[in-house]
Amino acid sequence: MDNSQNVTVDPTTATFPATGGNSIHFLSSTAESRIAFKVKCSNNDQYRVRPVFGFLEIKGRTKLEILRLDGPAKDDKLAILWAEVPADEIEPWAPFKAGSQMGDITILLKAT
């Protein structure tokens, strides 16, 4: 089974002024099971993301907020790692601590 498109993000890029700003994105699942996700950033000095860990219910959707702080103009990226989890999983970080990952999506971050 090809899981590459079970989780999508919209939009896939975010552009900010170097002085900072925020951007809203939506994660969506087409999977027939619950999904846990984890967000990693290539530049934790300039970016804050909420939530860092979370769940997508079956065929669900959730909001991802990205905040850019003032800093040098450069390109960065967010990687959203995801894994299918049982319906009774209560900790969204647990599958990643155990080394489970089924896929990932990248959001390109541009600061000008």
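Student: How many bridges join E1 to strand E3, and in which direction do the two run?

Tutor: Strands of a sheet pair through backbone hydrogen bonds, either parallel or antiparallel. In this predicted model, E1 and strand E3 (residues 21-29) are joined by 4 bridges and run antiparallel. Within this pair, Val9 stands opposite Leu27 in E3.

Student: What is the order of the strands in the open sheet?

Tutor: The order is E1-E3-E7-E5, an open sheet of 4 strands with antiparallel pairing. Strand E1 (7-10) and strand E5 (47-50) each have a single partner strand and stand at the edges, so one side of each is left without a neighbour in the sheet. On average, neighbouring strands of this sheet are turned by 25° against each other, direction ignored.

Student: Which residues does the UniProt annotation "domain: MSP" cover?

Tutor: According to the unreviewed UniProt entry, that annotation covers residues 6-112. Over residues 6-112 the chain is 57% strand and 4% helix, and the C-alpha atoms at the ends are 32 Å apart.

Student: Is Thr112 buried or exposed?

Tutor: A residue counts as exposed when its relative accessible area is over 50%. Thr112 has a value of 67% and is therefore exposed. Thr112 lies in the segment after strand E9 (103-111).

Student: With which residues is Thr112 in contact, leaving aside its neighbours within four places in sequence?

Tutor: Thr112 is in contact with Phe16, Pro17, Ala18 and Ala73, those sequence neighbours left aside. Thr112 and Thr19 are 93 residues apart in sequence, yet 8.8 Å apart in space, C-alpha to C-alpha.

Note on methods
Residues are numbered from 1 along each chain as its sequence is written. This is a predicted model: local features need pLDDT of at least 70, side-chain atom pairs count only at pLDDT 80 or more; totals for chains, interfaces and linings use all residues. Side-chain values use heavy atoms; hydrogens and water are left out. Two strands pair if DSSP finds at least two bridges between them. Axes are lines fitted to C-alpha atoms, for helices over the stretch in contact, and angles run from 0 to 180 degrees between N-to-C directions. Buried means under 20% relative accessible area, exposed over 50%, partly exposed in between (1.4 Å probe, protein chains only). Contact means heavy atoms within 4.5 Å. UniProt positions are given in the numbering used here, feature names are shortened, and annotations may be inferred rather than shown by experiment.
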